Each structure stands twice: as structure tokens, then as C-alpha cells.
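Let's take a walk through this structure and see who sits beside whom. Have a look at it first, and then we'll go piece by piece.

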Amino acid sequence: MTSPEPGTAHVPADLAAQVDEALAALADPVRAEGAKRYLRSDLKHYGVAVPDIRAEVRARRQAHPALTHTDVVAVARVLWKPPVHETRLAACLWLEAYADRLVADDTRLLGDLIGESGTWALVDVLAGSVAARLLLRLPETEPAYRAWAAQEEMWLRRAGVLAFLLPVRSAETYPRWFPVFTEIADPLLVDTRFFVRKAVGWVLREASKHHPDDVVDWVARRLDRISGLTLREALKRVAEEQKAPLVRAHRGPAI
């Protein structure tokens, strides 16, 4: 098959069809049943392993390095449209692979997809990878992520937290983004939902890689409000001599 040329009208449909065909060829009904049950998913599942989906997206990315922004977004939309878990995950990984082509206004697209995701398996790529990479390149996306975190809808709120995962993990960008993240996260400590509490703890854990003292100090001043789940996640990489007193003193909810 002749590769479609960037900028032509058939590019998105052709590329998305190629990805879908490749994934369908790898279908494993047993794996599909297990994944559907594990994710409690209403979507159709092919039963393709995540590394295989990544490999397919990576191969297409290498074959089409010069796609326009318009085509990149259009391919993602076409891949997302069918109610199939693997093609939707491919859409997420596609946006990750072409994250350098995205623009600030694409936070609207990400927000739409996150709102339709219904599972951490899609949200975490869109937020913790794609949105986070966009924030590193384009700091003006910050208000969009603040707005997500302020939403009552659980997956958007989780996404608003995880968008800061890469910025606080990097020692270089940590000074700018850790104060922003903690300002956003502080009122979310009272959220009782597992996926929100886990997300806050996860970002704190990433921050602790280079700045454990800052994380310890932040959680120590919130022991009456922070959940046990968030605390455990936040302190996973903190030295035992710093962690143990906080765990003993914890007065917030257990989970």
C-alpha cells in the first residue's frame, strides 16, 4: 500500500484504518475477556497487550514524521470514535507520540476525551503523559488543568492532578510547578474518591524523588485532612526515618 501524503484528505482515515487492522489482527479473546473484566469496561476489547499497541503507534509515527497538526488530531479523533478500548488507547498513544505538534487549544480535545474515557487506563495517558508534556512546552495550558481539577467529575479531576506529574518529577521544572500543584491539590484532600486520592499521592511521590523534604513538610501540615491512601503513596520513596513519624501521627481518614 502506498503511504498517504501528509496534508491530503484521506490521511486520517487511512492511517486510523491501518492501525485498527493491525490491532484487530493481534486480537486475543482470552486476554480481551480478562481486560474487560479487570477494567470493568463497557467497551469492546480486542485483547491486545499495551506494548503491542505502543509498537504499532511507534511504527506509524516513524513512517509519518511530517504529519501536520490537523492530520495528527484528525487521526486521533478517528481512532477514538469506535467504542473499542484498543483503538481508543491507540488514540491516546498517538497524541503522546506527536505531543510536539500539539498546541494550547488542544487541551479542549484532551478534556473531551478524558470526559469520555471512563477508565484510568485512558485518562492516565491523556493526562499524565500528553497533557503533562504540553504543560512543559506551553505553560499557558495551566488554567485548563486548574479547571479540570476543579470539576466534580472524577476523571477530569484526576486528570487535572496528573497533568503535573512530569513537571514536578523533573528537578529542572519542579521549582515552578510544585507550588502550583500543591495549591491545586490542597482542597482536593477532602475528596473521598479512590482515583482522586491516589492521583494526588502519585504526583507527590514523583516530587519526592528530588525533593523529599518538601513533600514531607507539605503532608506533615495536613495530617488531619490527608487520607491514608494519599499519605502512603506520597511517602513511598521517602526515607523510613522521615516516613514513620508521619504515619504514626496521621489523623485523617484511613483510605
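Start with the rings: Phe-164, Tyr-174, Trp-177, Phe-178 and Phe-181 come together as one aromatic cluster. Rings of Phe, Tyr and Trp (its six-membered ring) count as a pair if their centres lie within 6.5 Å; planes under 30 degrees apart are stacked, over 60 edge-to-face, and the rest tilted. Nine such pairs turn up in the structure.

A word on ground rules before going on. What you see is a predicted model, where local features need pLDDT of at least 70 and side-chain atom pairs count only at pLDDT 80 or more, while totals for chains, interfaces and linings use all residues. Residues are numbered from 1 along each chain as its sequence is written, and side-chain values use heavy atoms, with hydrogens and water left out.

How confident is the predictor? The mean pLDDT (confidence in each residue, from 0 to 100) is 95 for the protein, and 96% of its residues reach 70 or more. Residues 1–7 are another story, with pLDDT under 50. Where pLDDT is low, the predicted coordinates should not be read in detail.

Two of its members, Phe-164 and Phe-181, form a tilted pair, 6.4 Å centre to centre with 45° between the planes. Phe-164 lies in the loop between α9 and α10 and Phe-181 in helix α11, so the pair ties together parts 17 residues apart in sequence. Helices here are DSSP runs (H or I, at least four residues), numbered from the N terminus. Phe-164 is buried at 0% relative accessibility, where buried means under 20% relative accessible area, exposed over 50% and partly exposed in between (1.4 Å probe, protein chains only). Phe-181 is buried too, with a relative accessible area of 0%.

Now for helix α9, residues 154–162. Nine of its nine residues are buried, so the helix is largely enclosed by the rest of the structure. What do these buried residues pack against? Their neighbours are α6, α7, α8, α10, α11 and α12. At the start of α9, a side-chain oxygen of Glu-153 comes to within 3.0 Å of the backbone nitrogen of Trp-155.

| Salt bridge | N to O distance |
|---|---|
| Arg-157 and Asp-191 | 2.7 Å |
| Arg-225 and Asp-186 | 2.7 Å |
| Asp-100 and Arg-61 | 3.8 Å |

Arg-157 sits in helix α9 and Asp-191 in the loop between α11 and α12, so their bridge ties together parts 34 residues apart in sequence. Arg-157 is buried at 10% relative accessible area, and Asp-191 is buried at 8%.

Arg-225, in the loop between α13 and α14, and Asp-186, in the loop between α11 and α12, are 39 residues apart in sequence. Arg-225 is partly exposed at 27%, and Asp-186 is partly exposed at 21%.

Asp-100 is in the loop between α5 and α6, while Arg-61 belongs to helix α3. Asp-100 is partly exposed at 43%, whereas Arg-61 is buried at 19%. Arg-61 also lies over the face of Tyr-98, 4.4 Å from the ring centre; the rule asks for NZ of Lys or CZ of Arg within 6 Å of the ring centre and within 35 degrees of the ring normal.

Conventions. Helix = DSSP H or I, 4+ residues; strand = E, 2+ residues; numbered from the N terminus. Contact = heavy atoms within 4.5 Å. Polar contact = N/O pair within 3.5 Å; in protein donor to acceptor, adjacent residues only side chain to side chain. pLDDT = per-residue confidence, 0-100. Salt bridge = Lys/Arg side-chain N within 4 Å of Asp/Glu carboxyl O.
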